[in-house]
Amino acid sequence: MKNKSSLIFTMVLTLLVVGALAAMVIMKQKDKAETDSVDTSTVDSTVNNNQGKDPVDTNKVDLKGQPMMGKKDAKVTVIEFGDFKCPACKYFDSNMKPELKKKYFDTGKANYYFIHTPFHAEESILGGLAGETVLKNDPDKYWAFHDALFKLQTHNGSQDKWLTISAVKKALKTAGVKDEAKIVDAIKANSEKAAVQKDIDLYQKHNITSTPTIIVNGKALADPMNIDAVTEAIDKALK
């Protein structure tokens, strides 16, 4: 009886393990199918041709149509060239931007623009398309979506295959956008591919080679991940 019970237990455990593995495979296939359903090839190549070059003409970045935080007529303008797949960008968004927002953007001393910079191929383009589509259809929810998508970034954000339509849907729900289905359909239709292409053209034009690249009143910072260096640059520009 004991041997028989052990055999039954082993069989049940094996079935549970096999079932769990099958479920994981199905979920991965679903995510892949959802990612593949967005034809990112309609956006021109994002190969970075600026390696080894320094940013140029950063005081002439065209900010028309870019998402902005703060007052448009603020004395200081902070620009970030960033990518939702970039771990350093997530750090900036989660650990540095809140302090800058409280001290400068919310007080009207400075404003902040984010330019989608898809350095990590198809998933980065999907992130850019999603961001631009939210900006177009529900602009008041852009920053909530922006932050929610960054929070979904995995530990190995630039290498893991995490930025899928499923992730976008989660971020849309977290941000509380008005019409999730409409925005998802627009993303799949590449309705804002021109806006993403404009951002790609901007980073190529200005020789942006890394994310995040932070620009304060036209000057690209040498140490954008140092909060003291960023605040020092803003304070200096405010004088």
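Tutor: We can begin with a term used for helix pairs. A crossing is left-handed if the near helix is turned anticlockwise from the far one by less than a right angle, and right-handed if clockwise. Keep in mind that this is a predicted model.

Student: Okay. Which hand does the crossing of helix 4 and helix 5 have?

Tutor: Helix 4 and helix 5 cross in the right-handed sense.

Student: And which residues of helix 4 and helix 5 make the contact?

Tutor: From helix 4, A144, F145, A148 and L149 take part, and from helix 5, A167, V168, A171, L172, T174 and A175. Sorted by class, this contact of helix 4 with helix 5 has nine nonpolar residues, one polar and no charged ones.

Student: At what angle do the axes of helix 4 and helix 5 cross?

Tutor: Roughly 135 degrees, and the axes of helix 4 (residues 142–151) and helix 5 (residues 165–175) come within 8 Å. That angle makes helix 4 oblique to helix 5.

Student: What about helix 3 and helix 6, at what angle do they pack?

Tutor: Helix 3 (residues 121–137) and helix 6 (residues 180–188) pack at about 130 degrees, with axes 9 Å apart. The two, helix 3 and helix 6, are therefore oblique to each other. Their crossing is right-handed.

Student: Which residues of helix 3 and helix 6 meet?

Tutor: On the helix 3 side they are L126, L129, A130, T133, V134 and N137, and they meet K182, I183, A186 and I187 of helix 6. The contact of helix 3 with helix 6 divides into seven nonpolar, two polar and one charged residue.

Student: Switching topic. How many cavities of 30 Å³ or more are there?

Tutor: The count is one. The largest cavity has a volume of about 40 Å³.

Student: What lines the largest cavity?

Tutor: G82, D83, F84, H116, T117, P118, S124, G127 and G128 do. Helix 3 gives the most to this lining, with three residues. By class, the lining of the largest cavity has two nonpolar, six polar and one charged residue.

Student: And pockets? How much space lies in the second largest pocket?

Tutor: About 220 Å³. Its lining is V216, N217, K219, L221, A222, D223, A229, E232, A233, K236 and A237. Six of the lining residues of the second largest pocket are nonpolar, one is polar and four are charged.

Student: Which helix gives the most to the lining of the second largest pocket?

Tutor: Helix 8 (residues 227–238), with five residues.

Student: Where is I227 found, and what is I227 in contact with?

Tutor: I227 is found in helix 8. Leaving aside neighbours within four places in sequence, I227 is in contact with M96, E99 and L100. I227 and F92 are 135 residues apart in sequence, and their C-alpha atoms are 8.9 Å apart in space.

Methods: Residues numbered from 1 in each chain as written. Predicted model: local features only at pLDDT ≥ 70, side-chain atom pairs only at ≥ 80, totals over all residues. Heavy atoms only, no water. 1 Å grid on protein atoms, 1.4 Å probe; cavity = no way out; pocket = protein on both sides within 12 Å on 5 of 7 lines; lining within 4 Å. Points joined across faces, edges and corners; volume = space filled by probe spheres on them. Helix = DSSP H or I, 4+ residues; strand = E, 2+ residues; numbered from the N terminus. Nonpolar A, V, L, I, M, F, W, Y, C, P; charged D, E, K, R; others polar. Axes fitted to C-alpha atoms, helices over the stretch in contact; angles between N-to-C directions. Parallel < 35°, antiparallel > 145°, perpendicular 65-115°, else oblique. Contact = heavy atoms within 4.5 Å.
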